[in-house]
Each structure stands twice: as C-alpha cells, then as structure tokens.
Amino acid sequence: MPEAIPVIDLRDSEHGPKARAGFLNRLRAAVHDIGFFQLTGHGVTGAAELLDLTRRLFSLPESEHAALDVLNSPHFRGYSAMGRERTRGIPDQRRQLDIGPERPARSPGPGEPAYQWLVGPNQWPAALPELRPAVLAWMDRLTSLSHRMLRLILESLETPEGFLDDVVTPEPQIHFKLLHYPGPDATAGSVPKGDGAGTHKDYGLLTLLVQDDKGGLQVAVEDGHFVDVPVLPDAFVVNLGELLEVATRGYLKATVHRVVRPAPGVDRYSMPFFYSPRLEASVRPLPSRYVSAAGGVTVDPDNPLFACYGDNVMKGLTRGFPELIARHHPTW
Ligand SMILES: O=C(O)CCC(=O)C(=O)O
Ligand SMILES: [Fe+2]
C-alpha cells in the first residue's frame, strides 16, 4: 500500500537526469493520485522562527488583536477572532491574521471587478514589530519556491514548463495566513461545534503549509474517508488549488481537507501560503496527453469552479466573511 501522503525531496530534481525522471514520476503520481504531498529538501529556512512569532502574535493582549480587526478592512486583511471566518456556513474554530502583498489602499472604480478589493494594505501588530519584515521576506521566498514547484508539476505532465507563466506574471496573487487553533475549553459548559477549519478545497494553484508538531490536518482520500497528514519537521505540506484542477480538466485534484480541533488545553499553530494567478487571469487547459485523456473537473453544485482566479476566490470570500461584506460591500 503506498504511503497516504507521499514525501518528495526537491534535491532529487537536481541530481542528474535519472534522479530527475524519478522525481517527476513521483511528483506526477502525488499530484494526480492525492493532490497532497510533503516537500523536503527545499532549502527554505526560517519556518521555526516565524512559527515562534506566530505564537507570540496570538499571545498578545486581546486589545492588540482588536486593533487589527479584519472587519475594519475592506481588503480582507487583518485579525479574525474565533469563529469569524466561516467554511460552508459554519464558523471555523480558529483565530487568524490574513496577510497579502503590501499595497496602497484603493477602491475599484466603476466597472472594475469587485475582486480588486483584495489588493490593499495589511494590518500589523504595533506590539510585535518584527512580524512585518519576517512575513514579507517569507512571502518572497515562498513565491519563488511556488514558481519552481509549478514549473516542475507542468514538466511532470509533459507540458511546456512555462505554460502558466503568463497567469502569474508580472506577479501572482499571494495570500498568507497565520493560524491559531486553540483546543476547546474543557471547563466551558458547551463547546461550539465545528472543526478548526471546515472541509474545503483551496482556490488557487498551490498551497505551501508549515504546521507545528500537533497535527490535525486531514485529507479526504476517498469519499468521506479522511487521513491525517503526519507531522514531518522541516517539510512543507503542499496541496493543489482548484485552478490546477480546472487547468488539467480534473487530471490533478484540488483535494478536500479540514483541520480537526486539538484536544482541550492544546494549541496548534500553522501558516498556509496560497499561490494563485493574478486576480483577472484565467487558466486554459494544459497541452498534455494526461490532460487530454482526463474526464473533467469535479462537479459540485455547492462549489462551482471558475477558470478566472478572481471569480473563484470571490465565491469563498462571500461565504467566508458575511459580516465584513455587510459592512463594506453591501451591494455584492
Ligand atoms: O491549518 C492547516 O493545517 C490548514 C489550513 C487550511 O487548509 C486553509 O487555511 O486553507
Ligand atoms: Fe485549505
């Protein structure tokens, strides 16, 4: 039986043609069969330090978090208290800071698509000034690694490796989250129902996740059957977003996943980085024999898949942040 979540070492892509061919075969199998793998040998350092800053961020007094409230940002940037973001209508049992590339605030003009609101400034904690430079440097490093992984995935499908370069040029859409999943309070009378993060697919191209040593991320390998993503120190958990499912007519899978809550008294921290096309870019089917033979994307009436990234992400935002939309975007 193959391991549930394959482990792939990026160094194998550089050790001569034979190792590279084996690497590409393993990569293709991972992204086709399960849509999740763990990436080792990537050479990116700094994850432990950033996780440490994440713990310190969530340990700040509540007043510091309230000053960064996402409800004050029409750009969906900032701090969400427990239950603020929803997945399929159910409040996620986690706290988070949503971050993106630092851009000036701007309101889309008449006729401009509403998804342009996603461009804008971040909200940073005054009491933790080290966070901003560390996060911005991390997002740069992970953008480069994501470019590299995307090209390798295309090569594994025998598609020209630069085929999707135009949708991530001059720059991809980046979204980064710092997450805290507190275990339920065992002394509280009733524990809110719901997962740490409800069952969902990611919207873009690739997600690179650092998780701490607590576990809890689970992937649907067959209908209704979830397996744990084991904790593998120094690895990125990599998974595919819906746009790669669209671009490969379903040959590659944006796999459903969720995060179960930690045990009472346990705190879990994680940091997903989402790499996506420009908001207004649409993906086209890849020229690949694997794609030509594929049957099509997963059809789920509750979750239509759009080829334009901005449209695809909007469906998630409108369901995920109803209070923010009521406050800043009542006409959506
Ligand atoms: O925290 C995790 O392990 C995964 C989070 C996730 O799936 C998401 O935010 O899309
Ligand atoms: Fe996710």
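**Entry 1: the S4–S5 loop**

I started at Gly89, which I found in the loop between S4 and S5. For helices I took DSSP runs of H or I with at least four residues, and for strands runs of E with at least two, numbered from the N terminus. Before going on, I noted that this is a predicted model, in which local features need pLDDT of at least 70 and side-chain atom pairs count only at pLDDT 80 or more, while totals for chains, interfaces and linings use all residues. Residues are numbered from 1 along each chain as its sequence is written, and chains are lettered from A and ligands numbered from 1 in the order in which they are written.

Is Gly89 buried or exposed? I count Gly89 as exposed, because it has 9 C-beta neighbours inside 10 Å. My cut-offs, with C-beta atoms placed from the backbone, are these: buried means 20 or more other C-beta atoms within 10 Å of the residue's own, exposed means 12 or fewer, and partly exposed is in between. I also checked Gly89 against Val167: they are 78 residues apart along the chain, and their C-alpha atoms are separated by 31 Å.

Arg88 sits in the loop between strand S4 (86–87) and strand S5 (90–91). Arg88 has a positive phi of about 50° although it is not a glycine. Arg88 is exposed, since I find 11 other C-beta atoms within 10 Å.

I looked up His147 next, and it lies in helix H4. His147 is partly exposed, with 17 other C-beta atoms within 10 Å. Lys18 is 129 residues from His147 along the chain, and I get 23 Å between their C-alpha atoms.

In the loop between H4 and S7 I found Glu158, which is not a glycine and yet has a positive phi of about 60°. With 15 other C-beta atoms within 10 Å, Glu158 counts as partly exposed. Pro170 also has its place in the loop between H4 and S7. I checked the peptide bond from Thr169 to Pro170, and it is cis, with omega near 0°.

**Entry 2: Asp69**

I placed Asp69 in the loop between helix H3 (62–66) and strand S3 (78–80). Asp69 is partly exposed, with 15 other C-beta atoms within 10 Å. Which residues does Asp69 contact, leaving aside its neighbours within four places in sequence? They are Gly78 and Tyr79, where contact means C-beta atoms, placed from the backbone, within 7 Å. Gln123 is 54 residues from Asp69 in sequence, and 8.3 Å away in space, C-alpha to C-alpha.

**Entry 3: the chain and its core**

A compact globule of 332 residues would have a radius of gyration near 20 Å, so the chain's 19 Å agrees. That radius is taken over C-alpha atoms, and the globule rule is 2.2 Å times the number of residues to the power 0.38. I noted that 40% of the 332 residues count as buried. Among contacts with a separation of 6 or more, 77% are between residues 24 or more positions apart.

Nonpolar side chains tend to be buried together in soluble globular proteins. A nonpolar core here is a set of buried Ala, Val, Leu, Ile, Met, Phe, Trp, Tyr and Cys residues joined through C-beta atoms within 7 Å. Of the 77 residues in the largest nonpolar core, Leu206, Leu208, Phe236, Val237 and Val238 touch the most other members. Helix H4 (residues 131–156) gives this core its largest share, nine residues. Leaving aside neighbours within four places in sequence, I see Val238 in contact with Phe37, Leu39, Met149, Leu206, Thr207 and Leu208.

Which residues are around ligand 1? I listed Lys177, Leu179, Ala197, Asp202, Leu209, Gln211, Leu217, His257, Val259, Ser270 and Pro272, each with its C-beta atom, placed from the backbone, within 6 Å of the ligand. Strand S7 (173–182), strand S9 (206–211), strand S13 (257–259) and strand S14 (267–276) are the elements that give two or more residues to this shell.

I then looked up the UniProt record, an unreviewed entry, which lists residues 169–277 as "domain: Fe2OG dioxygenase". Such positions are given in the numbering used here, feature names are shortened, and annotations may be inferred rather than shown by experiment. For residues 169–277 I find the end C-alpha atoms 8 Å apart, with 6% helix and 44% strand in the span.

Key. Two residues are in contact if their C-beta atoms, placed from the backbone, lie within 7 Å.
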